[in-house]
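Q: Could we go through this structure feature by feature, with the general idea of each reading stated before the case at hand?

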Amino acid sequence: MDAQLRELLPFLRDKNPQVRQIALENLLPQTVKGAPHRDIFFAGLQSSGLQKSKENDVIRDLKILCRDQLSVAHDAFKALINLSDSPLLISPLADPIFLTFIASYIINPHAILADLASMLLSNLTSSSPACSVLLSMKVSVIPDTRLANGVYTTDSRCGSCPEPVPYPKGETQEVMALPLLLDAFVQGASVHETEDLSKRTRKAELNFLANVFANMIVSPTGRNYFLSPQPLHVLKPDSPLEYPLAKLVSFTEHPDPIRRAGVASSIKNCCFHAAGHKAILTPESEQAAVPPSTVTAAGIDALPYILLPLAGPEEFDLDDQEKLLEPLQFLPPTKNREPNAATRLMLVEILLLLCHTRWGRDYLRQHGVYEIIRTAHENEKVEKISEHMERLVRLIHGDEPSSVPKPFEEEVAEFKGTLQIEGPDSNAQPSQAQPESDDEDLIIEEI
């Protein structure tokens, strides 16, 4: 059987698309983790010391087939998703040319397989080389008002995403890819509301991009980007400034669990940067800066979105109701808490991280965090989450030293070291969201 499968590999380069498709269909089941003949895809790949592994013919063919016609590209993406859990493929798949195609393809609203591409990118960004490439990546675009995002990414052209007709007449510009990926993620949030693919302004939901952002924010460079004011429109540098994290926080209550978990992980990883806490909590009606920078933008206003998934249908008395933020007041009897325990735990860990400064603890006290956590604790069935909630209550409901609180900037200036969450089992480092899937072919493995 092994020899027969190896005989199929040259047919991935056949001129006849039907031959390529048949060959790939027969090879695809062997890409799944644990498949008996999976090693045929890693022949010739080896990693020793600091030497990077080079791609072999079959991996190069699969990368090329991602640009093929729809059915072939679909299977090629699935194959690379399954194979990308191997460290041997970190270097070949983190190739800047291939990553530029993937990013450009995801940004294009007409890309039919952009969800698969975002799943692959999610897996690739579990490694720091891919994150580094993506953080500095620029893509070629041409302004095109016919597209939902207003730009056409020239490197996205392929069999499953043809170029627009007529071709846009504007000049090609090189712009940062990350802001366009963020905009694509926001636009994809409402795609599920329209079942008819032909009527969608964007063909993919791009929920797995939440994991991409969470993975990027693990690094200090990624955190600095999401907590630095950026122009609202990438093609208009003079447009108003906004924190990139502000585009993510509203999706903690999105119907898709992958998007919710990835956004929660992104917020948590940003909270490891103590200087950003004030901007993260400040309402969007006020301006805030992240020290030592003095550049301001509207506050991220993340607290309502952190608390909403932890809130249930319980009624509060009027005194407690007045302490709550407006979005948490008078919630309907149909309100449900976040069903995923791992996501609930991340949300409580976010609140623990925000308690690092006296300013943060005071802010949480004044905005009804205790009231929400008290009722959430009464309904929590997971012991670890309950323990974290109890620690949180001790921090925000306990007595503070009698000395006058220091200004937030002074507290941050005195802080040295790494933020930690108390508890023997807690993760003191920025985390990567772990997506869930019942489809074995599409499981995203952490490298």
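A: Let us begin with the surface of this predicted model: the chain exposes about 20,500 Å², and carbon and sulfur atoms supply 52% of that area.

Q: How many of the chain's residues count as buried, and how many helices and strands are there?
A: Burial is read as relative accessible area, with under 20% taken as buried. By that reading 53% of the 447 residues of the chain count as buried, and the chain holds 20 helices and seven strands.

Q: What share of the contacts joins residues at least 24 apart in sequence?
A: Among contacts in the chain between residues at least 6 apart in sequence, the share that joins residues at least 24 apart is 68%.

Q: How many aromatic pairs does a search of the whole structure find, and what is the geometry of the pair formed by Phe-185 and Phe-213?
A: An aromatic pair is read from the distance between ring centres and the angle between ring planes, an angle over 60 degrees counting as edge-to-face. The search of the whole structure finds nine aromatic pairs. Phe-185 and Phe-213 form an edge-to-face pair, with 5.5 Å from centre to centre and 90 degrees between the planes. Because Phe-185 belongs to helix α9 (residues 177-188) and Phe-213 to helix α10 (residues 209-217), this pair ties together parts that are 28 residues apart in sequence. Phe-185 is buried, with a relative accessible area of 0%, and Phe-213 likewise counts as buried at 0% relative accessibility.

Q: Why is the pair of Phe-185 and Phe-251 edge-to-face, and which parts does that pair tie together?
A: The ring centres of Phe-185 and Phe-251 are 5.4 Å apart and their planes stand at 85 degrees, so the pair is edge-to-face. Since Phe-185 lies in helix α9 whereas Phe-251 lies in the loop between β5 (236-242) and α12 (257-271), the pair ties together parts that are 66 residues apart in sequence. Phe-251 counts as buried, at 9% relative accessibility.

Q: Which residues form the aromatic cluster with Phe-185, and over which rings does the charged end of Arg-259 sit?
A: One aromatic cluster is formed by Phe-185, Phe-213, Tyr-225, Phe-226 and Phe-251. The charged end of Arg-259 sits over the ring of Phe-185, 3.8 Å from its centre, and also over the ring of Phe-251, 4.9 Å from that ring's centre.

Q: What does the side chain of Thr-282 reach, and which residues does Thr-282 touch?
A: Thr-282 is placed in the loop between α13 (277-281) and β6 (287-288), and it is buried, with a relative accessible area of 5%. Its side chain reaches the backbone oxygen of Lys-278 at 2.5 Å. Not counting residues up to four places away in sequence, Thr-282 touches Gln-287, Ala-288, Gly-299, Ile-300 and Asp-301.

Q: Where is Ser-127 found, and which backbone oxygen lies 2.8 Å from a polar atom of its side chain?
A: Ser-127 is found in the loop between α7 (114-124) and α8 (128-136), where it is buried, with a relative accessible area of 7%. The backbone oxygen in question is that of Leu-124.

Q: Which residues does a cis peptide bond join?
A: Here one reads the omega angle. A cis peptide bond joins Val-165 and Pro-166, with omega about -5 degrees, and Pro-166 lies in the loop between β2 (151-153) and β3 (173-176). The bond from Pro-291 to Pro-292 is also cis, with omega near 10 degrees, and Pro-292 is found in the loop between β6 and β7 (297-298).

Key. Residues are numbered from 1 along each chain as its sequence is written. This is a predicted model: local features need pLDDT of at least 70, side-chain atom pairs count only at pLDDT 80 or more; totals for chains, interfaces and linings use all residues. Side-chain values use heavy atoms; hydrogens and water are left out. Helices (H or I, at least four residues) and strands (E, at least two) are DSSP runs, numbered from the N terminus. Buried means under 20% relative accessible area, exposed over 50%, partly exposed in between (1.4 Å probe, protein chains only). A polar contact is a pair of N or O atoms within 3.5 Å; within protein, one must be able to donate a hydrogen and the other to accept it, and residues adjacent in sequence count only if both atoms are side-chain atoms. Contact means heavy atoms within 4.5 Å. Accessible areas come from the Shrake-Rupley method with a 1.4 Å probe; for residues, only the protein chains shown count as cover. Rings of Phe, Tyr and Trp (its six-membered ring) pair if their centres lie within 6.5 Å; planes under 30 degrees apart count as stacked, over 60 as edge-to-face and the rest as tilted. A charge sits over a ring if NZ of Lys or CZ of Arg is within 6 Å of the ring centre and within 35 degrees of the ring normal.
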